[in-house]
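Please look over the sequence and the structure shown here before reading the report. The text is meant for someone meeting this structure for the first time.

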Amino acid sequence: MGCCPRSTEKRGNMKIWELLVIAAGLSMDAFAVSICKGLSMKQMEWKNAWKAGVYFGGFQALMPLVGYLLGVNFREQIETIDHWIAFVLLVIIGLNMVKESREETEELNDSFDVKTMLLLAVATSIDALAVGVTFAFLKVEIIPAICLIGLITFGLSASGIKIGNVFGARFKTKAELAGGILLILMGSKILLEHLGILV
């Protein structure tokens, strides 16, 4: 999910391209989930695209700030549990989507309510918490860093809704199932990577 600088050397502020790489890496999960949400929509509504951008972009900016404020003293604890939290949240959401796809109804779950979006936003931004701790250790200027991360995630998430919706028009009732499976696979991938099973 997120990409964390591996160096433990205190080296001052990062270069802009390094922050761009980190921001892009952190935003990929939010982008994939946005595609899933777009798949479930019958008609494209830009207000939902902006909403996804705000939730995902906001949390991707907030989590590094929280991690930065926590500091390096909590780095090991955060890194040991972040994959479990992301795994559990994504699998629960994914299983719920799979379950709803099996129900006999023409209505797809295209919910953008607060509860749904908060769970998705937290699940896709957990790694950003550990990145924030790393930022504190490397003495990165946190405000420009989180603004860049938030803006990139906002743009990719909003466009992901549109991209998903284009494909969703073709698959319709299969969208929920595909989205749920993708979320479960994403959560499993996070867990397996942190356990060293996948590289």
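## Basis and confidence

This is a predicted model, in which local features need pLDDT of at least 70 and side-chain atom pairs count only at pLDDT 80 or more, while totals for chains, interfaces and linings use all residues. Residues are numbered from 1 along each chain as its sequence is written, and side-chain values use heavy atoms, with hydrogens and water left out.

The predictor's confidence in each residue is given as pLDDT, on a scale from 0 to 100. The protein has an average pLDDT of 78, and 77% of the residues score at least 70. Among the elements, helix 2 (residues 46-70) has the highest mean pLDDT, 92, whereas helix 3 (residues 75-102) has the lowest, 74. Over residues 1-12 the pLDDT stays under 50, and for this stretch the model has 33 contacts beyond four places in sequence; a contact means heavy atoms within 4.5 Å.

## Overall make-up

The protein contains 6 helices and 0 strands, where helices (H or I, at least four residues) and strands (E, at least two) are DSSP runs numbered from the N terminus. Read from the N terminus on, the order of elements is α-α-α-α-α-α. Of the 199 residues, 47% count as buried, a word that stands for under 20% relative accessible area, with exposed meaning over 50% and partly exposed the range in between (1.4 Å probe, protein chains only). Among the contacts with a separation of 6 or more, 92% come from residues 24 or more positions apart.

The table sets out the spans of two helices, for which the expected value is 1.5 Å times one less than the number of residues.

| Helix | Number of residues | Span between end C-alpha atoms | Expected span |
|---|---|---|---|
| Helix 4 (residues 114-138) | 25 residues | 34 Å | 36 Å |

Helix 1 bends by about 35 degrees at Met28, the bend being the angle between axes fitted to the seven residues ending at a position and the seven starting there. Because 17 of its 24 residues are buried, helix 1 is largely enclosed by the rest of the structure. Ser27 is found in this helix and counts as buried, at 0% relative accessibility. Leaving out residues up to four places away in sequence, Ser27 touches Ile152, Thr153 and Leu156.

Helix 4 bends by about 45 degrees at Ser125. The N-terminal end of helix 4 is capped by Asp113, with a side-chain oxygen 3.2 Å from the backbone nitrogen of Lys115. Just after helix 4, Lys139 takes a positive phi of about 60 degrees.

## A salt bridge and the last segment

Which side chains meet in a salt bridge? The side chains of Glu45 and Lys47 do, at 3.8 Å from N to O, and the count comes to 1 salt bridge under the rule that a side-chain nitrogen of Lys or Arg lies within 4 Å of a carboxyl oxygen of Asp or Glu. Glu45 is partly exposed, with a relative accessible area of 34%, whereas Lys47 is exposed, with a value of 58%.

Leu198 lies in the segment after helix 6 (175-194) and is partly exposed, with a relative accessible area of 40%. Apart from its neighbours within four places in sequence, Leu198 is in contact with Lys189, Leu192 and Glu193.

Methods. Polar contact = N/O pair within 3.5 Å; in protein donor to acceptor, adjacent residues only side chain to side chain.
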